[in-house]
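Please view the sequence and the model before reading on.

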Amino acid sequence: MKCNAWTNVLMAAGLVSLPAVLHAEEKPSTVLTALSGTTLSGYVDTSAHWNFGTGNANLPAYTPNGQLGGTKADGFNLDVVALTLSHPVGEGDWSAGYNATLLFGPDAAGYNPSFTASQFPSDFSLKDTYVVLHAPVGNGLDVKIGTYTEILGYEVYETGNNPNYTRSYGYMIEPTQMTGVLGTYQLNSALAANAGICDVWSAGVNSRAFPAKAESFKTYMGSLTFTAPTNMGFLAGSTVSGGIINGYDAVNGVDKTSWYIGGTFNTPIKNVKVGVAHDYVNLAANEIGGLPHDSGYQHATGLYLSWQATEKLTLNTRGEYLAQSGYLVGTPAGAGLPRKAFEVTETVQYDLWRNVLARVEFRWDHAADSGDPFSNGVDNAFLLAANIIYKF
């Protein structure tokens, strides 16, 4: 029998015996059997920011957890470390799997806190941590139970999965993580549907709408995604999605309804894609900021252009317009968002190292409503950033 080096050391020390080792190898560990098929993945996300000028207290909230950009201004940053343990659903008719993503670092702080977060604040959050059940219903029904990413939007939390390093205004006004049940069904080869029910519109593991709402009050959502089939010429593979989420924002104490429509389209020009996204949020009559208000709104429209110039070089451009009710400016619901604003972002990505995503990005934000400048009476904010991510 051939033993590994560590086993030989233990045997020499008298801590294990040869029969015990032989017996252990005859019967696989139940722990190892349970972990069979589980994968470990993740990434380490870092950045450096240079914000032109002085006075960084009120820079736009372009971080993935909604913090103001000034928290990273003029310095080097560890953004976040993510670890994901996952096991896909099996091949049987009735099968199950799971996913657990653990976030560590500044961009994890406050992203999806549990109900104990006020007593135990930390740079740790859970994302997409759920059990998934597969049932042989029609083409197959998958049901997630736990906390999962909301179903709307063009951009996501993971920096490396977005065309740009900083987040859009559209991302800022969307919900992020839900705790509840979400069903996914592939209607046919081109059309997929999502429908779910969760505790509240806002993030927060095990958050509740009670006592502001009835104990049974819940948030509801649904979406459709269309993927262009191969017979649609150059548009084949393009996607369009739209959906709605209606519920209670437990952070700001207001009912919200979010609508989204957007898509990414191939073009006749090789390696060039365009994207469009529109987010609209309606706020019911509320008392945000300690004052009563009639219903309000937030909306953002973004345009995206991506050109893969070479095998390693990609250029990504985003232009966007934001508008929101004036009373939201300066409140938690509108943090980092002027009354009206434009932003243009240009990102240069070059894949020089294996498993490494390297970017340089320039962003210009302009507060179109001069009464709500970003900081120190300045209507414009400029950012030059470098972003390095290692994926494994």
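How many aromatic pairs does a search of the whole structure find? The search finds nine aromatic pairs. Rings of Phe, Tyr and Trp (its six-membered ring) pair if their centres lie within 6.5 Å; planes under 30 degrees apart are stacked, over 60 edge-to-face and the rest tilted.

## Basis of the model

The model is predicted: local features need pLDDT of at least 70, side-chain atom pairs count only at pLDDT 80 or more, and totals for chains, interfaces and linings use all residues. Residues are numbered from 1 along each chain as its sequence is written, and side-chain values use heavy atoms, leaving out hydrogens and water.

## An edge-to-face pair

Phe 52 and Phe 362 form an edge-to-face pair, 6.2 Å centre to centre with 85° between the planes. Phe 52 lies in the loop between strand E1 (39-51) and strand E2 (75-87), and Phe 362 in strand E15 (residues 356-367), 310 residues apart. Strands (E, at least two residues) and helices (H or I, at least four) are DSSP runs, numbered from the N terminus.

Phe 52 is partly exposed at 35% relative accessibility, and Phe 362 is partly exposed at 36%. Buried means under 20% relative accessible area, exposed over 50%, and partly exposed in between (1.4 Å probe, protein chains only). Ring pairs link Trp 50, Phe 52, Phe 362 and Phe 382 into a cluster.

## A stacked pair

Tyr 154 and Tyr 304 are stacked, 4.1 Å centre to centre with 15° between the planes. Tyr 154 lies in the loop between strand E5 (141-149) and helix H4 (169-172) and Tyr 304 in strand E12 (residues 296-308), so the pair ties together parts 150 residues apart in sequence. Tyr 304 is buried, with a relative accessible area of 8%.
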